[in-house]
Amino acid sequence: MRAFVCGCSGLVLSEDERAFLRETEPFGLILFKRNIDTPAQVKALADAFADCLGRDHAAILIDQEGGRVQRLGPPHWRTYPPAFRFGQTRLPLDRQAKLVRGAARIMAHDLRELGITVDCLPVLDVPVPGSHSVIGDRAYGDTPETVATLGRAAAEGLLDGHVLPVMKHVPGHGRAMADSHMELPIVTVPVEALRQSDFAPFKANADLPAAMTAHVVYEALDPERPATLSPLVVETIIRHEIGFDGLLISDDLSMRALKGSFRDRAEGLFAAGVDIALHCNGDLQEARAVAAGTPLLEGKALERADAAMARLGGKPAAGDFDPVDAWKAIEAELAITA
């Protein structure tokens with residue numbers, strides 16, 4: 001098994017994709033809207049990936065946050081509100097957390113019905129005034145306390161439903177003045193400002209099983225390299241100061257924030273201390289280059305991957321949760337429509 005997650009191009013695996021999966025044996029597969037049609041189709045795609053690798057419990061990832069980042073949606077799945085909607089209520093923080101946990105539990109039910117085992121949620125970034133809207137209402141609030149508390153609730157809701165949460169984007173994307181999908185953001189504030197705000201939600205949730213890096217340069221930490229490629233950020237900040245020792249996954253290597261060949265990008269993130277490379281766009285030529293720069297998943301990285309996947313605890317028993325009734329209760333609190 002190699003230490004990368006790849007995408008696929010469509011609703012079914014092509015013969016070339018099947019051959020690539022069998023040859024390279026990636027840790028996981030990530031799904032996007034281009035891969036989503038009906039529940040039966042998504043389940044068949046997830047099963048096909050697992051069958052290619054001969055694994056009973058494959059890592060199938062998705063970004064299912066709610067709001068504008070929601071790969072599963074109508075007509076087959078409900079529309080979820082963005083994260084910030086929960087923090088906007090006038091309810092006490094503990095009541096907000098209960099709603100967030102409940103919504104995440106319903107998301108987990110949706111995902112596990114399809115064979116999806118990993119959700120790239122919660123977003124623990126703390127946006128600041130004037131920052132790029134790429135985070136915006138994907139954040140649970142604009143204070144570290146709110147983001148940390150509601151992010152924890154979302155992670156617990158996913159785990160309640162036997163789905164692995166991946167907190168993102170460590171050590172914090174909220175100050176970025178650019179969209180890392182399109183260009184490299186550079187954050188210029190002193191390290192103490194980062195400690196007081198950006199790092200805080202991740203530090204409060206450092207015991208969670210998995211996290212995703214930020215393609216952001218923090219000049220006070222490493223003026224030359226984005227966090228994903230920086231040994232200084234990964235080892236000194238994420239691993240030691242924040243205290244996160246779980247499975248560390250890169251953000252998407254096909255984002256324009258990163259430069260160089262795809263093999264170089266992969267080799268760079270592993271040299272920095274990241275455990276898993278993520279390549280999302282389904283371009284098989286790029287994926288082959290990523291795979292060429294990716295080592296076998298072994299040693300400490302394998303221990304972290306095994307520990308993270310062990311948190312799934314199997315699949316929930318059929319009939320132990322009613323998502324319809326649970327969603328009605330959340331609708332009543334938020335006064336929103338499904």
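Which hand does the crossing of H4 and H5 have, left-handed or right-handed? Keep that in mind as you set up the view.

This is a predicted model, in which local features need pLDDT of at least 70 and side-chain atom pairs count only at pLDDT 80 or more, whereas totals for chains, interfaces and linings use all residues. Residues are numbered from 1 along each chain as its sequence is written, and side-chain values use heavy atoms, with hydrogens and water left out.

**Stop 1: the helix pair**

Select residues 93-114 for helix H4 and 144-160 for helix H5. Helices here are DSSP runs of H or I with at least four residues, strands are runs of E with at least two, and both are numbered from the N terminus. The two helices pack at an angle of about 35°, with their axes 7 Å apart. Axes are lines fitted to C-alpha atoms, for helices over the stretch in contact, and angles run from 0 to 180 degrees between N-to-C directions.

Now for the opening question: H4 and H5 cross in a right-handed way. Right-handed means that the near helix is turned clockwise from the far one by less than a right angle, and left-handed means anticlockwise.

Next, show side chains where the helices meet. On the H4 side, pick residues including Leu 93, Val 100, Ala 104 and Met 107; on the H5 side, residues including Thr 149, Leu 150, Ala 153 and Leu 158. Contact means heavy atoms within 4.5 Å. Coloured by class, the residues of this contact come out as ten nonpolar, four polar and five charged. Ala, Val, Leu, Ile, Met, Phe, Trp, Tyr, Cys and Pro count as nonpolar, Asp, Glu, Lys and Arg as charged, and the others, Gly among them, as polar.

**Stop 2: the largest pocket**

Select Phe 32, Asp 63, Arg 71, His 181 and Met 255, which lie nearest the centre of the largest pocket among its 22 lining residues. A pocket is an open set of points on a 1 Å grid over the protein atoms alone, where a 1.4 Å probe fits, with protein on both sides within 12 Å along at least five of seven lines; lining residues have an atom within 4 Å of a point. The space inside is about 430 Å³, a volume being the space filled by probe spheres set on the points, with grid points joined across faces, edges and corners. Strands S8 (167-170) and S12 (247-252) each give at least two residues to the lining, which divides into nine nonpolar, four polar and nine charged.

Stay on His 181, in the loop between S8 and strand S9 (186-187). His 181 counts as partly exposed because its relative accessibility is 40%; buried means under 20%, exposed over 50%, and partly exposed in between, with a 1.4 Å probe and protein chains only. Beyond its neighbours within four places in sequence, His 181 is in contact with Val 134, Met 255 and Arg 256.

**Stop 3: a buried loop residue**

Move to Ile 135, in the loop between S6 and H5. Is Ile 135 buried or exposed? Ile 135 counts as buried because its relative accessibility is 2%. Leaving out residues up to four places away in sequence, Ile 135 touches Arg 68, Val 123, Asp 125, His 169 and His 173.

**Stop 4: the second largest pocket**

This pocket holds about 340 Å³ of space. Of its 16 lining residues, Asp 56, His 57, Ala 58, Arg 112 and Thr 117 are the closest to its centre. H2 supplies the largest share of the lining, four residues. By class, the lining has six nonpolar, five polar and five charged residues.

Zoom in on Asp 56, in the loop between helix H2 (39-53) and strand S3 (59-62). Asp 56 is exposed because its relative accessible area is 74%.

**Stop 5: backbone details**

Most residues other than glycine have a negative phi, and most peptide bonds are trans. Where can you find something else?

- Glu 25: phi is positive, near 50°, in the loop between helix H1 (15-24) and strand S2 (26-31).
- His 162: phi is positive, near 65°, in the loop between H5 and strand S7 (164-165).
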